[in-house]
Every structure is written in structure tokens, then in C-alpha cells.
There are 2 protein chains.
Amino acid sequence: MAENTTDELMRATYLALCKHGYADLTMQDIADESTKSKAALHYHYDTKQELLLAFLSFLYANFEERIRTPARSDPTDRLMTFIDSALTPPQRDDQLAFQTAILEIKAQAPYDDEFSEHIARFDDLLSEQCRSVIVDGIEQGVFREVDPDAVATFFVTLFNGAHVRWVTENQADDRTRALFINYIQSQLLAEDAPAVVGE
Amino acid sequence: MAENTTDELMRATYLALCKHGYADLTMQDIADESTKSKAALHYHYDTKQELLLAFLSFLYANFEERIRTPARSDPTDRLMTFIDSALTPPQRDDQLAFQTAILEIKAQAPYDDEFSEHIARFDDLLSEQCRSVIVDGIEQGVFREVDPDAVATFFVTLFNGAHVRWVTENQADDRTRALFINYIQSQLLAEDAPAVVGE
């Protein structure tokens, strides 16, 4: 499939998910957001499931590009950049609608092995990135000698919780971020490390 | 409706949700888990939606009874009891299946005002209970002078995250609990307070 066709269908899937959510989404809804017919969609993807799996792979590739930070930069800066991208609530209605659809897909994961694998990759990548920043910070002496795996698990659990609360409670206050920075300041940074900017 | 009929239908709803999840649940599935016919169910509840709202109210009443701890007991003990009930992963398959169905219902909340209100009550109650324990702990001098609202928000976000990860990753390790206790020890307890048991 031509790259611009893929891009168009991924964009159409995004728009259709924002508008209709996941549960009621049809191939027709996705076609309606593109210049293609429903038949053309089925030519590229046999089923809605197949299209959505392709969409999750597309999201993952974007997500990966977004959260990979250069390993050379300061571990505290990297961690903060990372937290800002994981804990900044959706700013626009379409972003919130999209996060809602993603939570629906997460809730379906246990019923579907392929969804489950695709969803797990996002948390695995988050964990791995957290872990790598923490390991670097410890090596450079700016973080304390914590257990990187355990701390990464804790962080990713918190990110998941923030995601649910954006969706179910439209909760967009940034107290979670502030307390989290407080946690990092007191639990993770070495005692002689400079304070986190923006605390 | 007789109390034992309500109890039977609530139990049937629980079993049907564990078996079928939320998305595909029908009134027939619920009837199949009880001694009643589908027609009898419709006599008590016009729609599946109405039955599920009654079920959420039933769950809420049980949850409320479970998490309300006597205000007289020690704030640290109360907080730990509370965290154990919020962060202990599902032990049995039916409990995990049920938590999965609850996540599905949470993901539907943004599309339905009544679901949304019912779901928000659980987090509100959790928040209020956390807040009340923290206020008592501060008054008694065993907790530091933290912002009770902000800390309660942080806790409830973490509980939500643990819930999602149980479901999407079948993640049942207790590192989150261990780190959380570490957080409480270092951030919340007054410096001269005794260590948390079970850290």
C-alpha cells in the first residue's frame, strides 16, 4: 500500500475513534473519514480488528519516536521530559476522546491476545525507558541506588492511573505531576543533586 | 422487590460479568446465572443499563462498608489497611475477570452520564477516605504537614493505575505496594513516627 494511503487510513481511524469510540466503531465510520470507500478499506484490511492492530502498530511507532530521548542528555532532564509527556493531560477535546477510545481498547485486551500483545508493548517501552534513565542516573551519581525495575514499575503504574482518571473523571489537574516531582526529588535524586526545575 | 431476589440478581450479574465481560453482556446471560427468566428480570429492570446501574449501587454499598475503618484506630494502621485493600491484586480468576469487566464499564463512562456518576463515586469515596486518614494523622502528629487533598489525589491515581495493570498485563506483583509503603514512610510519616509494619 502506498505510504500516503496508509497515512490517510491511520488518520481516518484516529478521527473515527475520536468521534465514535471503539465499541461501536464500524469500517464504514473509518471510510467516512477518508476519501476511500468501505470496499477499498476491506481491500487493505480484511477486518476491523486487522485495521485496528495496524493502527496500534502505527501509534506505537510514533510513541517510540516521541519518548526516545538522546542518551547523552542529563538523566534528570530526560526523566522530566518523559514525565511531562506521560503526565500532561489531554488539552483538546479530540485528544480526550482519543484517550477514551484507547482505554476502551485496553479494557478489551484481556479478551483478545493480539490486542493484549499490542497494548503491553506500550507499557513495556515506558518501563524500559524509565529503567534506562534511572540506570544512567545511578551510574552518573545523580540518582540514589534504587532498584531501577521496581521504580520503573511504580512510575508506569502511576502513568496508567493518570490516564484512567483523565478519561473517567476528566481530571486534568496537575497535582499528580507536582507530587510525583516531589517524590523524585526526595526519593530518587542523590542528596547533593540540584533541585528539579519546575518543582 | 424482596431482598433475597435483589441479592440473587446482583450475584447473577456478577457471575455473568465474569463470564461474558461487559461489552457482550445480555439480559439472557444474567438470567442464566439465576433461577429467574429473562422476562422476570425485565419485570424488575426495564433495561440492561438500569440493571447495571443498580449493580454499581450495590457494589458501592459493599465497597463503602469494606473501606470505612473506625476513626478511632491509629492513622498509620488505617492507611495500611486501606492500601492493602486497594493494592492487593485479584487472587482468583473470577476476581480478575470481574476487574476486567469493571475496567470495561469505566471505559464506557465518558459515553454515559449515569455510568460516569456511578463510577466517579468510587474514586470520590477513596479520595475522601484517604483524605480523612491523612487529616487525622496530621492532627495527631504522626504524619507530616502535607496537603491532604493533593496526597489523596496521588494515592487514588496510583490505585487506578494498579487496577489497569492487573487487567491489561495480569500484573500481580507487589512491588507497587512495596514502593508505595516506602513513599509513605519517607514522605508522609513524621520523622519520629515508628516505621510502617511490613515495609
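1. In this predicted model, 41 residues of chain A are in contact with 41 residues of chain B, contact meaning heavy atoms within 4.5 Å. Every interface residue of chain A (100%) is also an interface residue in chain B, so the copies meet through the same surface.

2. Conventions: residues are numbered from 1 along each chain as its sequence is written, and chains are lettered from A in the order in which they are written. Local features need pLDDT of at least 70, side-chain atom pairs count only at pLDDT 80 or more, totals for chains, interfaces and linings use all residues, and side-chain values use heavy atoms, without hydrogens and water.

3. Chain A superposes on chain B by a rotation of 180 degrees with 0.0 Å of shift along the axis, at an RMSD of 0.0 Å (least squares on the C-alpha atoms of residues with pLDDT of at least 70 in both copies). The two copies are therefore related as by a two-fold rotation axis. In chain A, the C-alpha nearest that axis belongs to A:Gly161, at 1.7 Å.

4. B:Arg165 pairs with A:Asp123, the closest N and O atoms being 3.9 Å apart. B:Arg165 lies in helix α8 (residues 148-169) of chain B and A:Asp123 in helix α7 of chain A, so the pair joins two chains. Both residues are buried (under 20% relative accessible area; exposed is over 50%, partly exposed in between; 1.4 Å probe, protein chains only). A:Asp123 and B:Arg165 are also linked with B:Glu169 in a network of salt bridges.

5. The structure holds 12 salt bridges over all chains. One of them joins A:Arg78 and A:Asp136 at 2.7 Å, N to O. A:Arg78 is in helix α5 (residues 75-87) and A:Asp136 in helix α7 of chain A, so this pair ties together parts 58 residues apart in sequence. A:Arg78 and A:Asp136 are both buried.

6. A:Glu33 and A:Lys19 also form a salt bridge, with closest N and O atoms 2.8 Å apart. Here A:Glu33 is partly exposed, at 23% relative accessible area, and A:Lys19 is exposed, at 58%.

Notes. A salt bridge is a side-chain nitrogen of Lys or Arg within 4 Å of a carboxyl oxygen of Asp or Glu. Helices (H or I, at least four residues) and strands (E, at least two) are DSSP runs, numbered from the N terminus.
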